[in-house]
Amino acid sequence: MKTNDIILQTVTKFTLFVIILFSIHLFFAGHYYPGGGFIGGLMTSGAIVLLLLAFDIKTVKMILPVDYLKVVAVGLLFAIGTGAGALFFDKPFLTHAYTYAYLPLLGKTSLHTAVLFDTGVFLVVIGVTMTIIQTIGESE
Amino acid sequence: MFDAVLWISVTFISLAMIGLIYRVIKGPTVADRVVALDAIGISLVSVVALVSIVLETSAFLDIILLIGILAFIGTVAFSKFLEKGVIMEYDRNGDR
C-alpha cells in the first residue's frame, strides 16, 4: 500500500534547517553558554532521524552519502590530534591554547583549540547515534 | 506579586498535566496516549519557561526549543509506527 506523506515531508523540509541551525548554535555556544559538542551532535542526528522518518533509508543514503563509522574515526582523530598537538610545544598532553583574533566579519573572536576537541566529540556523537539507528533500522 | 502569578500558572499547568497523565494511563487506544504524551511535552515547555522566569535566568531557553523538537520527532516516530508497523523503511517505493 502506498501512502502519501506530503504533509510530513513538506514540514520536514522546513523544520530540518531549523534543527540543524539550532544544533550548530548549541555547538558554538558551548564555551560560554549551555550546549557543546554532545548535545549539538545529538540534535544533528535528531535532524537526520527526522529525515529518515519522513523519507526512507535509501533516499537518505543518497542525500548524505556518509559512512558513519568513518565519521567516528575522524572525530576520534580530531580529539587525539588536538591532544597530541600540545606535545609539539613542550606542553603536557591535552594542553589547550587560545588567542583573541580580529576576524574581518566577526570582530574580536576568541579562538580556542577546545573547539577542535569539541568538533571531535560532535562527530563521534553523530557517528555513533546514526550507526546505532541505521543498523537497527536496516535489520529485518 | 508577580511571583505569585507565576506560581499560580505553574500550578494550573501541573493540574493540566495530571489530567493528561490520567489520559495516558486510562486512554482506551494507543493514539490517545500518544496525543496525551505530546501535550505533556508541550506543557513541560511552558513549565520550563515559567520556572526560568522565576529563577531569573536565560540558561533554560535552549531547553524549550529542545523539548519542542524532541516532542515533535517522538510523536512523528510513534504515529508512523502505529500507521505502518515500521519506523524506517528501507525503500519506500520498493516492495519492502
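1. How far apart do the end C-alpha atoms of residues 60-82 of chain B lie, and what share of the span is helix? The distance is 33 Å, and the span is 96% helix with 0% strand. These values come from a predicted model. For residues 34-54 of chain B, the end C-alpha atoms are 30 Å apart, and that span is 100% helix and 0% strand.

2. Both spans carry a record annotation. An unreviewed UniProt entry lists residues 6-25, 34-54 and 60-82 of chain B under "transmembrane region". The secondary structure of chain B consists of 3 helices and 0 strands, in the order α-α-α along the sequence.

3. On overall dimensions, chain B has a radius of gyration of 17 Å, whereas a compact globule of 96 residues would have one near 12 Å. Along the principal axes, the C-alpha atoms of chain B fill a box of roughly 65 × 30 × 10 Å.

4. Chain A contains 5 helices and 2 strands. Its elements follow the pattern α-α-α-α-β-β-α when read along the sequence. The box filled by the C-alpha atoms of chain A, taken along the principal axes, is roughly 65 × 35 × 25 Å.

5. For chain A, UniProt (unreviewed entry) lists residues 12-32, 38-56, 68-89 and 109-133 as "transmembrane region". In the model, residues 68-89 of chain A are 82% helix and 0% strand, with end C-alpha atoms 33 Å apart. Residues 109-133 of chain A are 80% helix but also 16% strand, and their end C-alpha atoms lie 37 Å apart.

6. A further feature of chain A comes from UniProt (unreviewed entry): "domain: Na+/H+ antiporter MnhB subunit-related protein", placed at residues 7-131. Over residues 7-131 of chain A the model is 67% helix and 10% strand, and the end C-alpha atoms are 28 Å apart.

7. Next, the interface. Contacts involve 20 residues of chain B and 27 residues of chain A. About 2,200 Å² is buried between chain B and chain A, with carbon and sulfur atoms giving 68% of that area. Of the area that chain B buries against chain A, 31% is supplied by Met88(B), Tyr90(B) and Arg92(B), more than by any other three residues.

8. Polar features of the interface can be listed briefly. Between chain B and chain A there are 2 residue pairs in polar contact, counted with both residues at pLDDT 80 or more. The side of chain B that touches chain A comprises 11 nonpolar, 1 polar and 8 charged residues. The rule finds 1 salt bridge across this interface, and the count over all chains is 2.

9. Which residues form a salt bridge with closest N and O atoms 3.4 Å apart? The partners are Lys84(B) and Asp5(A). Asp5(A) is in the segment before α1 (6-29) of chain A, and Lys84(B) is in helix α3 (residues 61-84) of chain B, so the pair joins two chains. Side chains of opposite charge can pair when their charged atoms come close.

Conventions:
Residues are numbered from 1 along each chain as its sequence is written. Chains are lettered from A and ligands numbered from 1 in the order in which they are written. This is a predicted model: local features need pLDDT of at least 70, side-chain atom pairs count only at pLDDT 80 or more; totals for chains, interfaces and linings use all residues. Side-chain values use heavy atoms; hydrogens and water are left out. Contact means heavy atoms within 4.5 Å. Buried area is the accessible area (1.4 Å probe) that two parts lose on being put together, summed over both. A salt bridge is a side-chain nitrogen of Lys or Arg within 4 Å of a carboxyl oxygen of Asp or Glu. A polar contact is a pair of N or O atoms within 3.5 Å; within protein, one must be able to donate a hydrogen and the other to accept it, and residues adjacent in sequence count only if both atoms are side-chain atoms. Ala, Val, Leu, Ile, Met, Phe, Trp, Tyr, Cys and Pro count as nonpolar, Asp, Glu, Lys and Arg as charged, and the others, Gly among them, as polar. UniProt positions are given in the numbering used here, feature names are shortened, and annotations may be inferred rather than shown by experiment. Helices (H or I, at least four residues) and strands (E, at least two) are DSSP runs, numbered from the N terminus. The radius of gyration is taken over C-alpha atoms; the globule rule is 2.2 Å times the number of residues to the power 0.38.
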